[in-house]
Amino acid sequence: MKTLDHTRVTIAAQAVGVAQGALDYALGYIQERKQFGHPVSDFQGLQFMIADMGMKIEAARQITYAAAGRSERGDKDLTFFGAAAKAFASDTAMQVTTDAVQLLGGYGFTSDYPVERMMRDAKITQIYEGTNEIQRVIIARQMSR
Ligand SMILES: Cc1cc2nc3c(=O)[nH]c(=O)nc-3n(C[C@H](O)[C@H](O)[C@H](O)COP(=O)(O)OP(=O)(O)OC[C@H]3O[C@@H](n4cnc5c(N)ncnc54)[C@H](O)[C@@H]3O)c2cc1C
């Protein structure tokens, strides 16, 4: 169980990387793709999505760094931080990669573009090293101690 406190931080880092990769790809795409005479990145509805994706990824990155520091030092609250970083970053990766598919429209769904694979890659980070339901059990248990 103690080993998992440390290894969960690596799953959080993996999730942050998948999410950042999907955002980077989608950002490039929406600046090139034109509809109604404009790059689709000009549409405010998509700008709001991009802003949310960027905010969530940065929050996930920061909690992952916070957990990594605790892993290095062997801090007592690592159990909470390892589970919280894993659950938060993987839920973020799932949301962000799903939004990235949406930003590419129909092309996002096809295997000609990488974001559909990223969406599947994000999914496993919510499952292995303990599902996110189990992370929440751990987090709640730590909070009641
Ligand atoms: C690609 C891949 C790689 C893997 N690599 C490894 C590895 O290297 N080492 C290793 O040990 N394992 C590995 N696993 C296994 C992985 O850790 C488990 O699949 C995961 O922990 C979930 O267990 P389970 O599949 O038995 O799901 P189950 O325990 O059957 O869960 C089914 C559902 O019930 C929920 N659930 C179960 N118990 C509770 C509860 N108490 N409260 C609320 N909800 C609950 C779960 O969250 C899930 O939604 C890997 C799995 C995959 C798919």
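Where is glutamate 129? It sits in the loop between H5 and H6, and View 4 comes back to it. This is a predicted model, in which local features need pLDDT of at least 70, side-chain atom pairs count only at pLDDT 80 or more, and totals for chains, interfaces and linings use all residues. Numbering starts from 1 along each chain as its sequence is written.

**View 1. The whole protein, with six helices and two strands.** Going from the N terminus, the elements run α-β-β-α-α-α-α-α. Helices (H or I, at least four residues) and strands (E, at least two) are DSSP runs, numbered from the N terminus. Taken along the principal axes, the C-alpha atoms fill a box of roughly 60 × 25 × 25 Å. Of the 145 residues, 40% are buried (20 or more other C-beta atoms within 10 Å of a residue's own, with C-beta atoms placed from the backbone; 12 or fewer is exposed, and in between is partly exposed).

**View 2. Helix H2 (residues 44–73) and its packing against H3.** H2 has 30 residues and reaches 44 Å from its first C-alpha to its last, close to the 44 Å expected at 1.5 Å a residue (the expected span is 1.5 Å times one less than the number of residues). Buried residues of H2 include Met53, Ile57, Ala60, Arg61 and Arg70, and their cover includes helix H1 (2–32) and H3. The axes of H2 and H3 come within 9 Å and cross at roughly 155°; axes are lines fitted to C-alpha atoms, for helices over the stretch in contact, and angles run from 0 to 180 degrees between N-to-C directions. The two helices are therefore roughly antiparallel (over 145 degrees; under 35 is roughly parallel, 65 to 115 roughly perpendicular and the rest oblique). Among the residues in contact are Met53, Ile57 and Ala60 of H2 and Phe81, Phe88 and Leu103 of H3, where contact means C-beta atoms, placed from the backbone, within 7 Å. By class, this contact has 16 nonpolar, five polar and three charged residues (nonpolar: Ala, Val, Leu, Ile, Met, Phe, Trp, Tyr, Cys and Pro; charged: Asp, Glu, Lys and Arg; polar: the others, Gly among them).

**View 3. H3 packed against H5 (residues 115–127).** Here the axes are 8 Å apart, at an angle of about 165°, so H3 and H5 also run roughly antiparallel. Their crossing is left-handed (the near helix is turned anticlockwise from the far one by less than a right angle; clockwise would be right-handed). H3 brings residues including Ser90, Asp91, Met94 and Val101 to the contact, and H5 brings Val115, Met118, Met119 and Lys123, among others. The class tally is eight nonpolar, five polar and three charged residues.

View 4. Glutamate 129 is buried, because 22 other C-beta atoms lie within 10 Å. Leaving aside neighbours within four places in sequence, glutamate 129 is in contact with Leu4, Thr7, Arg8, Ile11 and Lys86.

Key. Contact = placed C-beta atoms within 7 Å.
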